[in-house]
Every structure is written in C-alpha cells, then in structure tokens.
Amino acid sequence: MPVDRRKTAVFSAAVLLRLLLFFVFPSLPDLLTGRVEVSTPVNSFKRLQEGLFLYTRNVSPYDGGVFHQAPLLLPLYALLPSVRDYRLPQIVFYALIDILNADALITIADSGQSVVGRLHSTSRKNIRWDGVAIAAWYLFNPFTIATCLGRPTSVLTSSAILYAVSNAVSGNSVNAMLALGLASYLSLYPALLFLPLVLLCYDRHATGSKVAPSTALFGLQNFGVFLASVAGLLAISYLIIGDFWEFVSATYGFQLLVPDLTPNIGLWWYFFIEIFDSFREFFLGVFWLHLAGYVGGLTVRLRRQPLFVLTSLLGIFAIFKPYPSISDISLYFALLPLYRHLVPLMRYTFFAVSALLYATVLGPVFHHLWIYAGSGNANFFYAITLVWSLGLSILVADSMFAALRDEWEEENPDMRGKDVRQI
Amino acid sequence: MATPAALPPLPFNPARVRSYILRLPLFTRLVLLAIVVFWLLELQTVWAVIEWGALTPDEIGIQSMHRLNTYPFIHVGFFHALLNTVALVPLLERFEAEHGTLTSVALFMGPLSTLPGGLYLLVEKLILHRNTSVVGASVWVFLLLGSEAIRTYKSHPSFSLGTLKIPTWTSPLFACVIVWILVPNTSFLGHLCAILVGYLLGLGYLKFFNPPEKVLRWVEGKLNLLGRLPHYVSVDQKTYGRYGVLPSANNATGERGSPMSYLGSTQRLATLRNLRNNPQFLFIRLPYLLSLLCIVVGVVWLLLLPLDEYSRQTYISENALLPGQVHTYFAGSEQNVFRGYKKELEGLLPEGEARNQADLSPVISEKIQSALRAAGLKVATQNYEYTSAGITHQGQNVYAIVQAPRGDATEAIVLVATWKTVEEELNLNGVSLALTLARYFKRWSLWSKDIIFLITPDSKSGTQAWIDAYHDMHSPSVQSLPLKSGALQGGIVFEYAFDHRFETLHIIYDGVNGQLPNLDLFNTAVAIAGGQMGIGANMQEMWNHDDSYEMRLQTILRGMLKQGFGSASGAHSSFMPYHIDAITLQAKGDGWQDEMALGRTVESLCRSLNNLLEHLHQSFFFYLLMQANRFVSIGTYLPSAMLIAANFTIMAIALWLRTGYDMESSAAAAAVKLEDNKKDEATPKDKPDDAANNKAVVERQLALPLTLVVGFNLLGLAPLYLFNNLHHGHFTIAASFIALVDAVLPLSVAALLARGSAHPPIRQQYLLIKSFSLLLLGLALSALATLNFSLSFMVGLLCVPLTFVDRISCSKAPVRIAATLSGLLVLNALSPPAVLVAGCHYAGVSVESVLTHAAFGWDVWGSWTPVVVWCVWWPAWLVGCVLLGVSLF
C-alpha cells in the first residue's frame with residue numbers, strides 16, 4: 001500500500017503537537033476540562049468520570065443527577081486505564097479520534113462532492129484544497145486542539161457524523177445511516193441531519209446507477225436502517241443499564257428539557273434563567289422548533305448541494321443547540337474548508353473572523369471577571385456569547401449567500417462577477 | 001347646440017368648469033363629500049355635530065382628540081361651508097396633483113389638521129386663557145395660501161406697489177386681515193396659526209411628515225390603487241418633485257434645482273458621494289485621520305477626568321458597613337499592654353544600627369506565638385520558601401484566630417502586620433499593635449466573624465504563601481496551613497515603622513495585575529480615619545494634595561502607573577486574586593497621633609467589616625482615585641483606553657479593505673503574473689482573464705502574512721522564558737542582548753523578505769502583515785483594558801507609532817533611506833528594552849532590580865505583565881520595524 005507522505009506528515013505532526021502540549025503544560029488538559037467553553041453538562045469529561053465511578057461500582061451511573069451521557073460510553077471508557085492513574089492513554093485516545101476524523105474528512109474532500117455533485121457543479125472548480133490540506137485545517141485548528149485536550153465526549157458524536165458523511169459521499173448509504181444512528185444515539189440532535197444525509201446518499205446512489213430509484217422508497221429504506229441502528233443501540237443500552245426510562249430521561253430527557261443552566265457558549269442558558277417558570281415549556285418548544293426549522297428550509301432551498309446543507313446545519317446547531325461547546329465549532333470548521341471555492345463570493349469573512357477572534361479572547365476574560373475576580377457579572381459573559389453567536393451566524397449566513405450565488409452563476413454564466421440586486 | 005346670441009357670454013367657459021370639476025382628484029372629492037355630509041348632518045337635531053367636532057380649547061382632552069381632525073370638515077352654516085369650499089377646492093386640487101393622493105391623505109388627515117389646531121389651542125388656552133371654538137375648512141385654505149405664498153416668494157420675492165416693494169410672502173396675512181374685517185365671526189388667531197403652519201410647510205420644515213416614497217410606491221403597487229380607485233393621483237404622476245417648485249418657475253433660470261433652502265442637504269450628500277467615490281481618500285487617508293482622532297480623543301479624555309464634571313464624590317454603597325457609627329474603646333490601659341509587648345520584642349532585637357535590619361528570627365517568632373497563645377488564641381505557623389531568579393525567599397508566618405463568639409466560623413477577617421514594611425523598614429509598632437489588638441479583641445463578645453491575626457516576615461512573599469495555602473493552591477515549597485477559618489471577607493494590613501507619633505494614614509490599595517479592592521473598603525477606611533478619628537488620609541504618596549487639577553491628575557497618573565506594572569504594592573495585594581478585598585494602612589509623617597489612634601482606626605474598620613451580611617459587592621471594582629474622596633468609575637474612563645485600542649483595529653480593517661481593492665497592488669500582481677508568463681509561456685490563455693479579474697477584486701495572498709505574524713507572536717515566548725528563568729546576575733546582559741536582537745532581527749527579516757526569494761512579497765502582502773499585526777494588537781489591548789485599564793492604556797500609547805509606520809515607497813533612494821533610518825531610530829527608542837532602560841534611569845533604579853522584581857512577580861504573585869510585554873507589545877513592535885526596514889532594501 002503506498003503511503004501518502006504528506007498525509008503521514010500531517011497526522012504525525014498533529015499527534016506530536018498534542019503530546020507536546022500535554023508534556024510541556026501538564027496542567028492544560030485539566031484546565032481545559034474545567035472550562036465552560038469546552039465542557040457542558042452533556043459532554044463533560046469530569047461528569048463522565050463520575051458516571052464511570054458509579055458504573056464500575058455497580059451503582060446506576062445516573063444516580064445523583066451528574067451524568068447525562070449515553071450509557072454505551074461507560075463500557076468504552078471503562079476499557080481505558082483510569083484517568084487518575086494514567087492521563088496519557090486518554091490523550092492518545094482523543095488524538096487518535098482526531099486522526100480518524102481527519103481521515104474521514106480526507107475521504108469527504110477527495111470525493112469532490114462539495115464541488116461537483118449530481119445536480120450542481122460549481123464554476124470555480126479550480127479553487128479548492130485537497131484532502132490533506134483540509135485535514136490539516138481541522139487538525140491544527142486551535143478549537144480542535146483545545147477540544148482534544150479537554151476530552152469532552154462530544155468528539156465521538158463529531159466522529160460519528162463525519163463518518164456518516166464520508167460513507168454517504170462514497171456511496172455506502174447503509175453505513176452512513178448506521179453512523180448517523182450512533183451520532184443520534186450519543187447526542188440526539190444529529191437525528192436532524194437525517195434528511196440532507198439521505199439526500200446526499202440518494203444523489204450519490206443515483207449518479208452511480210443508470211436508473212434512478214424512487215426517492216421515497218430510498219428514503220424509507222434508509223430511514224428503516226437508521227431506526228434499526230438507533231433501536232439496536234438503545235437495546236444494548238437497556239442491557240447495560242437495566243432501567244430503560246431512567247437512562248432515557250437522564251440523557252435524552254435532559255437534552256430536550258434543558259434543566260441544567262450552567263453557563264456555556266450558547267444562547268439558551270441565560271434566556272432560561274431569566275424566563276418565568278410558567279413560560280418555560282412554551283419557550284422550550286419554541287427554541288427546539290427554531291432549531292429544527294432550519295432543516296426543512298435549507299434542505300429544500302439547497303436541494304442541489306446536500307453536503308452544503310449538512311455543513312450549514314452543523315454551523316447552525318453549533319450556535320443554537322442547548323449545550324453547544326467548541327467541539328461543535330471545530331466540527332463546523334472542519335467541513336467549511338471544503339467550500340474554499342465560495343470564499344471569493346463571501347462578503348463578511350473578515351468581519352466574522354474578527355468577531356470570532358474577539359469573542360474567543362474576551363469570552364474567557366469576561367468569564368474570569370464574573371466567576372473569579374467577582375468584578376463583573378453574568379451579563380458580561382452573556383454579551384460575549386452573543387457576539388460569538390453573531391460572528392458565527394454571519395459566517396453561516398454569508399457562506400449560504402455565497403453558495404446560492406454560486407448556484408445562480410451556474411445557471412447564468414454570463415452574470416459571473418457582476419453586481420446583482422434583488423428586484 | 002343653439003345658444004341665443006342675445007345672452008351675454010359667460011365670463012368663463014362652462015365646459016372648462018365642467019371638465020375641471022370632473023377632473024378633480026380623489027382626495028379633493030372626498031373632502032368635499034365630507035364637508036357636505038357634515039353640513040347635512042347638522043340639519044338634524046338629535047346629534048349636535050358642531051359641539052361634537054369643533055375645536056374647543058376647554059373640551060380638548062384625551063377622550064376628545066378627534067376634534068383636532070374633525071374641525072376642518074364641520075361648518076356652522078351653508079354659507080360658511082360654501083365659501084370655504086370654493087376657496088379650498090382649487091388649492092387642494094393643486095396640492096394633490098403635485099404630491100399624490102396618498103401623501104395628501106397622510107398630510108391632511110394628520111399634521112396639517114393637528115398642527116394648526118394644536119398651535120391654536122396652545123395660544124388660545126395657555127397664553128390668552130380664552131375658550132373660543134373654531135370650525136371650518138378655512139384653516140386649510142390659509143395653510144395652503146401660506147405655503148403657496150412662500151413658493152411665490154421664491155420665484156418673485158416682491159411685488160411693487162408704486163415705489164413700495166412688498167414681499168410676496170405677506171399676501172396671506174393681508175388676506176387674513178381682510179377676511180377678519182369683512183367677515184363676521186372669523187377666528188383671526190386660527191387663521192394666523194394656519195398661515196404659520198403653511199409657511200413652515202412651504203419652507204420645507206414639515207417634509208419629515210411625508211411618508212417615504214418607497215413605502216408609498218410599495219403600498220400603491222401592492223394594492224394596485226391606481227387600477228382600483230378612480231381619479232387617484234399616483235406617486236409617479238406628481239407634477240414635479242415632492243416639494244419642488246413648479247416647472248414654470250424653474251425654466252426661467254434653466255436649472256432643475258431651485259435655490260431653495262432645503263436643497264442644502266442634497267449638496268452635502270453630493271459632497272459625501274464624492275468622498276465615497278474617492279478611494280484614495282477613503283482607504284488611505286481617512287483611516288489615518290480616524291486613528292489619529294481616536295488617539296487624540298483617548299488622551300484628551302484621560303486629561304478631562306480630573307475635572308469636577310467627569311469625576312464623582314465617593315460614597316458608601318454598602319449600607320451594612322456603617323463606618324464610624326460605633327464608639328471605639330481601644331485606649332487607656334491597652335496602651336500599657338502595647339508598651340509591654342513592644343518592650344518584650346525590643347529586648348530580642350540587636351542594639352544599634354542592626355536593630356532596623358533584624359529579620360523575624362525564630363526567637364521572635366516564638367515570642368509572638370507565646371504572646372498570642374497567652375491571650376487565649378489558637379496559634380499556628382507556616383514555613384514557606386520561594387525561589388525566583390536564583391534568589392531564595394523564605395520565612396515563617398505566624399497566625400492566630402480569634403474565634404467569633406457570635407459566629408459559626410464560616411466567615412473571617414484578616415489583620416496583617418508584616419515584620420518588614422513595604423519599604424523594608426522594621427514594623428515593630430505594627431506587630432506590637434497586632435498583639436495588643438489580638439488580646440483586646442479576644443475579650444469582646446460582639447464579633448460575628450472570626451478575626452485572623454497574621455504576622456509575616458516580609459511584605460512580598462509572606463501573605464502570598466499564607467493566602468495560597470489558605471485556599472489549598474500553594475506550591476510544594478509552601479507548607480499547608482494547620483489551622484483555618486471560614487471565607488475571608490476582608491483584609492487590613494497596618495504598618496507603623498518609626499517610634500515617633502504620626503500625622504496621616506497612607507492607604508495603599510493596588511492589587512496584583514491591576515485588580516483593585518471594592519471601593520467601599522477604601523471609602524470606609526477614609527471615612528473612619530478622617531471622620532471618626534480625625535486623621536487625614538493620603539494615597540499614592542501625594543502628601544500635599546491641594547485638590548487642584550494638577551494634583552488630581554498626578555494622583556491618577558501615579559495610580560495608573562502602579563496599576564499598569566501589575567506587581568504587588570504591599571502585603572494586601574496578594575489577597576486580591578482570591579477576591580478578598582484588602583488595603584494597607586501606613587502611618588506616615590510627624591504629627592500627634594499615637595499608636596492607639598491607629599489601633600482605634602483598625603478596631604472601627606473591623607467593626608464595620610463585622611457588620612457585613614454578604615461579601616463586599618455593592619460598590620465599584622474598577623475606578624481611578626484622584627483624591628481620597630473623588631473618583632472616576634470604569635464607565636467614564638474606559639473609553640480612553642478603548643479608543644487607543646480601537647485605533648489599531650480601525651487601521652487593521654482599513655488595510656484589509658484596501659488590500660481587496662488596491663489598484664497599485666493589483667497592478668503589481670498583474671506585473672508579477674506577466675513576468676511569470678514571460679518566464680514560461682505555458683498559459684497564455686489565462687492572461688487576459690486574470691487581468692480582467694485583477695481590476696475588480698484582488699484575491700488576497702494570506703499565507704506569508706499569517707505565518708509571519710503568528711511566528712513573531714510565538715517568538716515572544718522566548719524572551720518571556722528567558723527573563724523568568726535566568727539567574728538575576730545575568731539580567732543586565734540579557735536586556736542588552738534583547739536590545740541587540742531588536743536592532744538586528746527586524747532588519748535581517750526585512751532583508752530576507754525583500755531579497756531572499758525569487759518572488760519578493762507584493763505590496764498587498766506588506767499591507768496584510770500590518771493589518772494582521774494591528775488586529776491582534778487591538779484585540780489584545782481591548783481585552784486587556786477590561787482587566788487592567790492602565791496597562792492597556794500605556795502599552796497602547798507606546799504602540800501608537802505602529803499605526804503610522806509603513807513601507808516607505810519613495811523613488812529617491814537617499815531620501816528613502818534617511819527616512820527609514822530615522823523611523824527605525826524612533827521605533828527603537830520606543831522598543832520594550834529601551835523603554836525599560838529609560839524608565840529605570842528616570843526612576844533611579846537598576847535594570848537588574850526591576851527585572852528581578854518582575855521575575856518575582858511572575859513566579860510568586862502570578863503577575864502577567866511580562867506576557868503583555870513580550871507576547872503583545874514586542875511582536876507588534878517587531879512587525880512594525882520589519883515593515884519599515886523593508887524600505888531599505
């Protein structure tokens with residue numbers, strides 16, 4: 001098997017960088033694990049340790065209301081040496097997951113689905129990065145590195161999503177659905193990605209075969225696979241935990257009802273702290289509807305680029321999820337470089353990137369002022385999360401604009417590069 | 001049709017009248033209809049229409065606002081209605097034809113009825129105190145007359161009556177007077193108000209009431225009004241403009257615009273549009289102007305702060321503190337106890353000169369412990385050792401806890417007496433006072449918080465070791481505390497470093513990294529010292545503060561300098577990072593206050609802190625003090641540092657924009673491409689396409705600028721590591737070495753950039769380098785401003801030249817080289833090592849001692865001023881020098 005030298009170099013450099021950071025700054029992983037930007041109640045490594053402790057002592061891990069993650073993580077992490085004795089294996093484990101993610105990204109990038117799909121092919125095909133460059137963007141993104149050292153369990157969700165996409169673009173729809181089932185099982189929200197993912201699979205399938213199968217039938221088949229994979233995982237979980245409703249309410253119920261309002265980089269916590277209890281259910285519904293509402297609209301409007309819909313949805317989830325963390329951002333930023341050809345069409349990149357930079361620096365500062373120095377208050381940090389979300393929204397919206405413009409220029413090649421105004 | 005010839009011809013053509021009436025536009029018709037309907041309604045007796053709708057000053061209230069809109073439609077009789085209608089129709093028709101139906105409806109249903117009505121009410125009711133009802137459309141007649149008169153005045157300023165020139169705008173006034181005289185029961189005042197509003201309308205002051213044309217068009221388009229309504233005047237059918245003059249008036253001068261006053265804004269807009277179309281100004285000059293403006297305003301802002309208008313008197317926010325509300329009993333026989341303790345400690349000290357140099361020896365420590373134990377306190381000790389820059393600092397803390405008789409050991413106050421003061425003097429009186437107070441406090445039953453007495457060997461490291469260990473955050477070289485109490489609510493350090501009586505209390509309040517204690521604590525100390533004890537309070541070593549502007553400014557600047565350095569200013573500073581508010585009280589001067597007065601002050605402060613129900617939180621944590629009782633809060637002073645930081649960001653954004661459109665760089669890029677194509681003529685087809693693209697938008701080449709800026713920022717870690725890990729003996733050499741690096745490194749990087757590769761960077765890349773570097777600098781400084789305002793402000797000011805340095809592109813080599821060299825000289829004078837050396841020289845201290853202090857701050861106090869210097873300031877400075885240096889090659 002020929003070894004790709006560049007790929008090897010990038011991968012080993014990424015692992016070495018992570019190990020170097022671990023050895024030079026031994027306190028960094030624990031510091032990052034404690035940061036609200038990295039750890040949320042549904043992905044925190046510390047809470048996982050608590051669940052693991054209870055699990056290995058044959059107590060229900062959901063006792064005590066600290067642990068809210070999927071039960072299958074417990075036997076998986078129980079295989080690793082205890083973090084109290086050895087910290088290195090954990091870091092190596094997470095670095096390997098990052099490498100796997102990068103590998104999936106290379107598959108996605110090399111498939112060229114972002115540039116040429118079944119229904120759409122951009123006129124800027126020559127402006128693109130190859131797979132290794134995109135993998136490097138992912139592996140050397142500071143958010144990815146911070147996530148790796150902070151060890152939240154959401155990287156497994158990211159991994160499952162990336163594998164679902166990479167299987168979809170290589171035409172393996174059953175595997176894609178299985179991976180999406182795993183992602184949904186771990187974090188619930190990836191289930192919303194089903195629609196664009198199945199369209200991606202369908203497009204890939206239809207390109208290969210001469211007679212395009214019926215969309216509805218194809219969708220139903222895949223939905224069956226997806227349901228089966230989720231059901232299978234839930235069944236295994238039931239075998240592990242015993243009390244089905246206990247773990248469902250502690251994990252999915254927790255994610256849906258958002259009872260823990262620990263500050264995070266999202267927009268929910270402050271709102272639900274401020275709101276009167278009588279309106280809580282109503283606004284929970286509204287917030288979830290808002291989050292789910294993007295799926296239909298984007299899938300329909302950008303039907304020709306399902307991979308772009310997936311990317312944009314991941315960006316939107318990273319903003320509007322109940323418990324977002326920077327691992328969600330790193331997933332969005334992993335897929336965004338696939339759309340290098342849209343950058344010339346984007347208008348606010350500098351502004352959005354500056355807003356994100358400012359928020360990245362000011363967020364921890366204001367959190368420090370609020371929590372440690374005591375000279376600020378919650379509004380400081382919340383204001384920065386607003387700026388952060390604003391920067392991300394601008395990025396997402398701007399990339400969507402660019403994608404639409406790209407589609408439009410494909411239809412009207414003579415209008416390329418000209419000023420256009422909506423009438 | 002046969003018309004009898006005998007009849008005299010009519011003075012007007014009936015066909016024209018008929019067609020005129022048939023052509024009346026929609027709104028005019030509606031008004032006519034309304035007037036007729038209201039006149040008909042008056043004929044019945046059930047409902048008094050006039051009483052219902054007339055504008056009666058006394059009847060106007062919130063319930064009867066409709067009167068302001070209905071009165072023009074209602075008339076008091078047939079002739080009234082007829083006359084008004086005849087007068088109104090031509091005027092209204094003309095107005096509607098000019099402005100469109102929708103605008104007319106909006107104006108006449110709204111402001112053109114209510115404004116004259118309101119004006120009339122105002123005068124009638126509030127000034128004349130009368131109550132005359134008015135009705136009738138004559139208000140509109142006079143209003144429109146007034147507006148028409150202004151219009152006429154614009155084209156024909158006056159008409160001549162013989163030799164007399166009468167301005168045309170007065171004509172409605174004449175009409176008004178004549179009507180008033182000739183027609184009975186007319187309201188002169190009402191007509192006058194209408195004329196006044198008409199003038200305003202004619203002059204264009206009311207045009208903001210006009211609905212925006214876009215909205216009108218939209219409404220029209222959506223509802224298809226033109227198609228559905230007969231006689232509708234569309235927005236587009238308007239005769240000319242909205243408030244423009246009639247075309248006939250314009251044709252004479254031959255220009256479209258007329259010299260009307262409200263056209264001035266259009267001219268201003270034109271100027272702005274010209275600026276918009278001038279990229280040279282917009283992208284190159286304007287950012288420099290804006291940046292300069294930011295800097296100037298930022299500095300002036302700071303200079304304004306000491307003025308009374310911008311600063312405030314201090315006040316106690318936390319009501320629980322009640323400073324000075326209790327009587328203090330620390331006096332009398334306690335003085336004998338104090339003398340006894342002092343004598344005992346003095347006995348253990350060496351005689352003569354060595355007395356003042358004596359350290360806290362184990363013997364003295366034993367004596368202190370036994371004294372505290374004898375007073376009935378729980379006593380413990382803690383050994384610690386720090387090594388920084390090759391110097392070992394070690395010692396033993398002694399502390400004792402007075403357990404609260406009325407508390408549950410969940411909260412505590414710390415009283416600290418350091419063996420050596422901040423100035424390294426022997427604090428014998430302070431330590432003796434601590435022992436006396438411990439014995440005294442033990443006997444009181446009113447404490448609701450534990451009181452911890454802490455005796456540390458020095459002011460630098462002792463409290464740090466103790467407070468770290470109190471929170472279990474200590475390093476291995478520091479012992480854990482065997483004895484602890486609850487959450488610390490406040491700390492007071494007191495120093496009394498001489499044997500004579502003192503005059504004033506000097507309060508030190510700066511913490512590590514520019515953190516400050518809650519202003520309430522400082523205020524309480526000032527209130528107790530000044531108000532209750534009659535001792536003056538000073539700060540920032542301002543002994544002769546006469547409350548003048550200069551003195552206030554000097555106090556602020558001293559405070560900022562201290563805050564900016566971010567090192568501990570006393571034993572209290574170590575408490576601040578743990579969110580424990582603390583201050584140091586120093587006895588200073590030669591006066592008539594004795595140690596008992598200091599003791600009473602501390603007692604009263606403890607009583608105030610003892611009252612606290614929650615942690616000090618009410619008052620400010622960010623402030624600049626300019627006098628013991630005057631301060632500015634963060635909202636007032638923060639903009640100055642933010643403006644300084646913003647100047648870098650503005651420049652970064654402008655440069656980014658400029659790289660996208662820069663004509664010069666695109667030409668250069670094209671030139672590079674042409675050269676490439678000459679070298680290998682493989683792709684001749686791309687050439688015209690590229691050239692076309694280059695004209696519009698330039699693709700930015702980010703790799704080199706990003707690498708360079710990130711590389712320089714990472715390079716900052718090297719001196720940071722160097723200065724925090726060297727032995728203190730090597731600091732002077734290291735500083736010289738860095739100064740040498742500063743001189744050589746930028747030039748070599750510049751040479752490498754300009755000459756090193758086959759493709760030297762194009763202008764766009766240089767601009768991008770500067771843009772990224774300034775963006776990071778602005779980002780770091782604005783974040784820093786929220787943490788340590790003073791440091792951000794000082795670094796920002798020192799970096800100001802970096803906004804303005806750029807590659808000098810002058811064709812004459814000698815001029816260019818001379819300019820570059822002088823620029824480099826200026827920049828090198830403002831480099832971190834140069835500023836350090838100059839500062840040390842000015843303050844009269846050695847560079848080595850300052851760097852040792854900085855390393856100690858980094859190692860022990862956790863001060864991150866070095867990070868700011870080496871990872872924010874230095875990289876930005878290097879990039880500036882590189883950009884300037886490139887012009888040499």
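In this predicted model, 17 residues of chain B are in contact (heavy atoms within 4.5 Å) with 16 residues of chain A. Putting the two chains together buries about 1,500 Å², and 75% of that comes from carbon and sulfur atoms; buried area here is the accessible area (1.4 Å probe) that two parts lose on being put together, summed over both. On the chain B side, Leu775(B), Leu779(B) and Leu787(B) lose the most area to chain A, together 31% of what that side buries.

Helix H23 (634–661) and helix H29 (763–787) of chain B are the elements that give two or more residues to the side touching chain A; helices are DSSP runs of H or I with at least four residues, strands are runs of E with at least two, and both are numbered from the N terminus. H29(B) supplies the largest share of that side, 8 residues.

Elsewhere in chain B, strands S4 (residues 378–388) and S5 (residues 391–402) run antiparallel, joined by 11 bridges; strands pair if DSSP finds at least two bridges between them. One bridge pairs Thr387(B) with Thr392(B) in S5(B). The two strands make a hairpin with 2 residues between them, and Ala389(B) in the turn has a positive phi of about 50°.

Residues are numbered from 1 along each chain as its sequence is written, and chains are lettered from A, with ligands numbered from 1, in the order in which they are written. Local features need pLDDT of at least 70 and side-chain atom pairs count only at pLDDT 80 or more, while totals for chains, interfaces and linings use all residues, and side-chain values use heavy atoms, leaving out hydrogens and water.
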